[in-house]
Amino acid sequence: MEQGKSSIPEILLRETPLTEAELTEALEIQKEKSGKLKEILVRLNYLKEEDFLKALSKWLGIPYLAELSPIEIAPELIAKVPINFAKKYEVLPLSKDGEEVTVATSDPMNTFPLDDLSLLLKCRVQAVAATSQQILTTINQVYDRASDSAERMMDDLNEQSLDGMAGVLEEPEDLLDVTDEAPIIKLVNSLLFRAVKERASDIHIEPFEKDLSVRFRVDGVLHEVIRPPKRIQSSITSRVKIMGGLNIAEKRLPQDGRIRLKIAGKDIDIRLSTVPTSFGERVVMRLLDRSSILLGLDDIGFLGDKLERMERLIRRSNGIILVTGPTGSGKTTTLYAALSRINSPDKNIITIEDPVEYQLKGIGQIHVNPKIDLTFANGLRSILRQDPDVIMVGEIRDTETAGIAIHASLTGHLVLSTLHTNDAPGAITRLIDMKIEPFLISSSVVAIIAQRLVRLICPDCREEFTPTKAELSELSLKREELEGKAIFRGKGCSDCMGTGYRGRTGIYELLLVDDRIRSLILKNSDSNTIKREAIKRGMHTLRIDGSRKVIEGITTIEEVLRVTQEEIGD
């Protein structure tokens with residue numbers, strides 16, 4: 001063992017990229033403010049946690065595990081260790097060999113929780129080191145108390161167990177920590193956990209004459225997951241409404257609410273909507289993962305020359321950049337990616353949104369509230385008095401908001417916003433329909449982006465195939481363009497739920513408003529004329545951008561055709 005020969009600081013200097021100056025600073029902070037050396041070094045960005053643990057493991061003479069496998073962890077060990085204890089001390093029993101249990105810990109120097117585990121499991125404990133993230137992620141996976149399928153829970157439900165469901169129920173800190181055995185609560189929690197696990201963006205609970213249908217929207221497409229019996233319909237609806245703070249007695253009017261949860265360590269914000277139908281209340285929940293990492297422009301599908309142009313556009317000091325597309329096409333994600341790219345301490349960036357979907361560090365975000373007359377237009381007026389450099393308006397919905405946004409761009413602000421139109425040129429005619437003068441549009445709008453989301457081919461089951469001539473002609477592709485390139489599709493596997501797709505990316509149409517396009521706007525030209533001119537000047541339509549991503553092996557021909565049907569005949 002190295003322990004007798006060296007001290008921790010010595011082995012850190014020898015085994016990691018840490019410098020003496022950095023170590024001295026960290027030790028001084030530890031002396032002044034106390035705390036763990038590992039946490040101080042990681043916080044200062046002087047060392048990665050895995051580097052510290054590798055060096056410490058060598059010093060202690062114990063193994064370091066870069067990965068933990070939830071499948072190999074014995075369920076009987078997990079059953080004996082409370083999840084709160086495991087999370088608090090970041091310890092996890094992995095396996096048992098005779099009278100010895102191997103336990104992963106993120107702090108091998110802290111022997112107290114290991115001693116407690118030894119008593120709890122009635123075995124000797126052998127420590128191995130692993131990072132906090134590895135341990136906490138694995139804890140969330142193996143302590144999945146919602147692992148019993150929702151179908152099995154429905155089998156367990158009986159009429160008697162549904163009594164008294166209308167009481168007010170407090171939410172657990174984490175759904176995996178829930179100890180309440182009420183079947184309906186377990187069923188709803190199971191659905192929520194499964195939705196997060198399967199990356200669903202929406203949960204639909206739809207009542208019909210004789211049963212219910214529960215569907216998840218995954219990668220933009222709805223899939224049915226279970227069909228609960230009709231008799232538990234009101235109990236499920238009541239449970240969800242209680243969670244969202246809605247009136248469970250009111251079943252005749254639509255209601256909107258919000259649920260804040262933690263599921264498997266992730267902060268989830270759920271927008272809840274109920275509407276009355278002939279067979280009962282229909283419930284839709286939109287899931288927003290607040291802990292998800294904000295994506296960059298290159299992560300969401302901007303490639304090559306489009307990425308370069310977008311980079312130049314968002315660094316302008318004034319003008320309007322519009323992002324268009326139908327609901328659910330990723331417009332807000334694009335705006336957030338643009339804002340996060342230009343966000344810096346020397347810029348004052350303010351947004352007004354309905355609702356604020358993700359928190360952006362260092363950016364002022366305002367939530368629209370019509371009840372107190374805080375509309376997009378009124379909020380935008382107030383923002384202009386806050387000395388902003390960049391303004392993001394969630395959506396231009398009316399003439400008033402459009403007028404103020406244009407005024408803001410003409411007085412030295414960069415304005416980013418969204419519109420609901422099918423393509424980029426359509427945004428110009430939409431603004432004219434809003435009674436905005438063409439000369440104001442031509443002098444303020446600098447670029448319009450139309451976008452759609454296409455599903456990515458599942459990397460685990462993708463296979464090469466040769467498309468037919470008809471399939472290629474649908475995307476205006478020629479055989480010679482595919483020289484040296486492979487076209488792929490997904491076979492379908494358990495990881496992608498048999499769809500052949502996993503994840504999504506964007507396809508884009510970027511219209512730059514140059515002098516020629518400005519002259520067409522001033523002449524009040526229709527969108528088709530503007531589109532033809534923009535294509536002549538190098539604009540790639542959504543379908544062309546999609547075909548490029550097919551050639552790159554990112555998505556499939558069918559997927560691009562599915563989301564660009566409106567371009568047929570253009």
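Tutor: Let's start at G498: beyond its neighbours within four places in sequence, G498 is in contact with G492 and C493. Keep in mind that this is a predicted model.

Student: What makes G492 and C493 count as contacts of G498?
Tutor: Contact takes heavy atoms within 4.5 Å. G492 and C493 are in contact with G498 on that basis.

Student: Where is G498, and why is G498 called partly exposed?
Tutor: G498 sits in the loop between strand 17 (488-490) and strand 18. Its relative accessibility is 48%. Buried would need under 20% and exposed over 50%, so G498 counts as partly exposed. As for C458, 40 residues away along the chain, its C-alpha atom is separated from that of G498 by 9.7 Å.

Student: Why are F85 and Y89 about one helical turn apart?
Tutor: Because they are four residues apart in helix 6 (residues 83-89).

Student: What makes F85 buried and Y89 partly exposed?
Tutor: The cut-off for buried is under 20%. F85 has 17% relative accessibility, so F85 counts as buried. Y89 has 31%, so Y89 counts as partly exposed.
Tutor: Now back to Y508: F302 and Y508 form a stacked aromatic pair, 3.9 Å centre to centre with 20° between the planes.

Student: Why is the F302 and Y508 pair said to tie parts together?
Tutor: F302 lies in the loop between strand 9 and helix 12 (304-314), while Y508 is in strand 18 (residues 501-512), so the pair ties together parts 206 residues apart in sequence. F302 and Y508 are both buried.

Student: How do you know that strand 8 pairs with strand 9?
Tutor: Pairing takes at least two bridges. Strand 8 and strand 9 (residues 280-289) are joined by 10 bridges and run antiparallel. A hairpin links strand 8 to strand 9 through two residues.

Student: What joins strand 7 to strand 8?
Tutor: Nine bridges, with strand 7 (residues 255-263) and strand 8 (residues 266-277) running antiparallel. G257 stands opposite L272 in strand 8.

Student: Why is helix 11 called largely enclosed?
Tutor: Count the buried residues: 10 of the 11 in helix 11 (residues 233-243) are buried, so the helix is largely enclosed by the rest of the structure. Among them are I236, V240 and I242, and also R239 and K241.

Student: What do the buried residues of helix 11 pack against?
Tutor: Helix 10 (183-197), strand 4 (200-207), strand 5 (212-218), strand 7, strand 8 and strand 9. After helix 11 comes G245, with a positive phi near 70°.

Student: Which backbone feature do D219 and D387 show?
Tutor: D219 has a positive phi of about 55° although it is not a glycine. D387 also has a positive phi, about 55°, and is not a glycine either. D219 is in the loop between strand 5 and strand 6 (221-226), and D387 is in the loop between helix 14 (376-384) and strand 13 (390-393).

Student: Are they buried or exposed?
Tutor: At 9% relative accessibility, D219 is under the 20% limit and therefore counts as buried. D387, at 60%, is over the 50% limit and therefore counts as exposed.

Student: And what joins D354 and P355?
Tutor: A cis peptide bond, with omega about -5°. P355 lies in the loop between strand 11 (349-353) and strand 12 (364-367).

Notes:
Residues numbered from 1 in each chain as written. Predicted model: local features only at pLDDT ≥ 70, side-chain atom pairs only at ≥ 80, totals over all residues. Heavy atoms only, no water. Buried < 20%, exposed > 50% of the residue type's maximum accessible area, 1.4 Å probe, protein only. Phe/Tyr/Trp six-rings, centres within 6.5 Å; stacked < 30°, edge-to-face > 60°.
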